[in-house]
Amino acid sequence: MAILETLTSKDAIALEEKHGAHNYHPLPVVLSKGEGVFVWDVEGKKYYDFLSAYSAVNQGHCHPKIVGAMVEQAQTLTLTSRAFYNDVLGVYEKYVTSTFGFDKVLPMNTGAEAVETALKLCRKWGYEKKGIAENEVEIVVCENNFHGRTTTIISFSNDPVARKNFGPYTNGFIKIEYDNLTALEETLKDNSNVAGFLVEPIQGEAGVYVPSEGYLKKAKDLCKKYNVLFIADEVQTGIARTGRLLATCGNCSCADKHCSGTPEVKADILILGKALSGGAYPVSAVLANDDIMNVIQPGNHGSTFGGNPVAAKVGIAALDVVKEEKLAQNAFDLGELFRAELNKFIPTCTVVNSVRGKGLLNAILINDTEDSSTAWDICMALKENGLLAKPTHGNIIRFAPPLVMNKEQLLACVSIITTTIKTFEK
Ligand SMILES: *Cc1c(COP(=O)(O)O)cnc(C)c1O
């Protein structure tokens with residue numbers, strides 16, 4: 001369509017407004033190109049991307065290795081469905097399971113689908129291996145979680161916007177406070193129908209809440225004690241985002257120095273998505289060992305596109321890039337630098353209260369009420385100054401650039417952020 005070549009930002013926004021469902025509230029910027037840590041709008045203005053498509057583009061926009069693998073496979077074989085075998089899926093399955101240290105993987109497409117898959121797997125394990133009576137399995141989840149937007153997942157969300165008028169809801173979930181081991185133990189102790197505990201290692205959407213040191217390890221130990229599966233949703237925190245290959249990293253073969261020496265918190269069920277494809281294609285995965293995954297039999301679960309040859313090739317390339325370019329190490333180092341720089345700045349300003357995060361998953365807390373527009377206004381000003389970020393909940397701004405950033409670029413971004421925020425001083 002020739003119309004695309006002459007489209008201005010205003011035109012593009014008007015088209016979406018008129019013809020698209022209003023299920024998002026985007027920043028008014030229309031992007032037409034991306035490369036590495038940069039994106040360009042249709043008028044040619046260049047920006048640092050500080051959202052990375054919610055941590056899907058960890059490997060940087062249009063990484064040549066990932067795009068190359070995708071194009072090559074797309075010209076050879078795109079989809080067979082799982083009615084037949086293909087010559088790429090098994091290779092990918094071997095690679096992804098050995099990378100993360102699990103016996104088996106169940107390939108899906110989106111993060112929400114992978115969470116759904118993990119819940120079904122956990123329930124079936126609860127009946128067939130733990131011996132819970134039919135229809136009695138419960139799964140423990142955390143308050144302020146974000147695991148996607150399907151009917152079952154929003155059933156255990158406590159975000160009113162995601163829930164209201166989408167009932168009736170799916171039963172079988174118990175919600176407890178995040179980062180509260182006492183609440184977890186009390187729930188597990190009194191309830192032998194619990195089959196799993198679903199948790200985000202850092203609550204990203206909720207505003208980058210980092211739990212107390214040791215929380216994940218102790219939660220895993222409690223799960224073990226009560227024969228409950230520890231299910232880690234690493235859709236956002238995984239694939240090097242937090243400075244390690246996984247935020248729950250322990251028993252994996254990523255060979256980055258921040259892995260050894262950290263306590264092993266190996267999930268019983270690991271959920272990956274987003275950067276598993278470097279943002280090139282929808283690729284998600286559920287990983288588990290045989291004693292769990294083998295409860296799934298032909299016909300129990302599936303997806304026409306899950307595990308397709310393009311996804312498999314893209315997944316291999318995306319993980320290769322993370323390893324070859326030592327992105328976990330880079331995220332760790334730049335994350336330390338980012339928080340150190342902002343912690344120098346924060347005492348000199350009244351607009352920002354604090355910075356928190358791990359690796360390159362960080363957020364700043366704006367010194368204003370949750371319903372104020374300050375965070376949005378700051379993001380609009382950052383956009384004018386060439387940096388794209390988005391508020392999470394009200395007065396929190398998440399900063400998550402691609403992990404292929406270098407130190408000079410990061411310092412330039414810190415400068416944009418601090419200069420912009422200074423203009424909001426009253
Ligand atoms: C983004 C996200 C999901 C959902 O992934 P989609 O691909 O958007 O369905 C699930 N869990 C977490 C922690 C996420 O950040």
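Author: Let us begin with a term: a polar contact is a pair of N or O atoms within 3.5 Å, and within protein one of them must be able to donate a hydrogen and the other to accept it. Please note also that this is a predicted model.

Reader: With which side chain does the side chain of Thr99 make a polar contact?

Author: Thr99 belongs to helix α4, which spans residues 89–100. Its side chain reaches the backbone oxygen of Tyr95 at 2.7 Å. The side chain of Thr99 also makes a polar contact, at 2.9 Å, with the side chain of Lys323.

Reader: Does Thr99 count as buried or exposed?

Author: The cut-off for a buried residue is a relative accessible area under 20%. The relative accessibility of Thr99 is 1%, and therefore Thr99 counts as buried.

Reader: Which element gives the largest share of the lining of the second largest pocket?

Author: The second largest pocket has a volume of about 520 Å³. It is lined by 19 residues, and those closest to its centre are Arg82, Val105, Leu106, Pro107 and Ile296. The elements that give two or more residues to this lining are α4 and β4. The largest share, five residues, comes from β4.

Reader: Which residue does a cis peptide bond join to Gly167?

Author: The residue in question is placed in the loop between α7 and β6. The omega angle of the bond is about 0°, and the partner of Gly167 is Pro168.

Reader: Near what value is phi of Asn227?

Author: Asn227 lies in the loop between α9 and β8. With a relative accessible area of 39%, Asn227 is partly exposed, because that class lies between the cut-offs of 20% and 50%. Its phi is positive, in a residue other than glycine, and lies near 55°.

Note on methods:
Residues are numbered from 1 along each chain as its sequence is written. This is a predicted model: local features need pLDDT of at least 70, side-chain atom pairs count only at pLDDT 80 or more; totals for chains, interfaces and linings use all residues. Side-chain values use heavy atoms; hydrogens and water are left out. Helices (H or I, at least four residues) and strands (E, at least two) are DSSP runs, numbered from the N terminus. Buried means under 20% relative accessible area, exposed over 50%, partly exposed in between (1.4 Å probe, protein chains only). On a 1 Å grid over the protein atoms alone, a cavity is a set of points where a 1.4 Å probe fits but cannot get out, and a pocket is an open set with protein on both sides within 12 Å along at least five of seven lines; lining residues have an atom within 4 Å of a point. Grid points are joined across faces, edges and corners, and a volume is the space filled by probe spheres set on the points.
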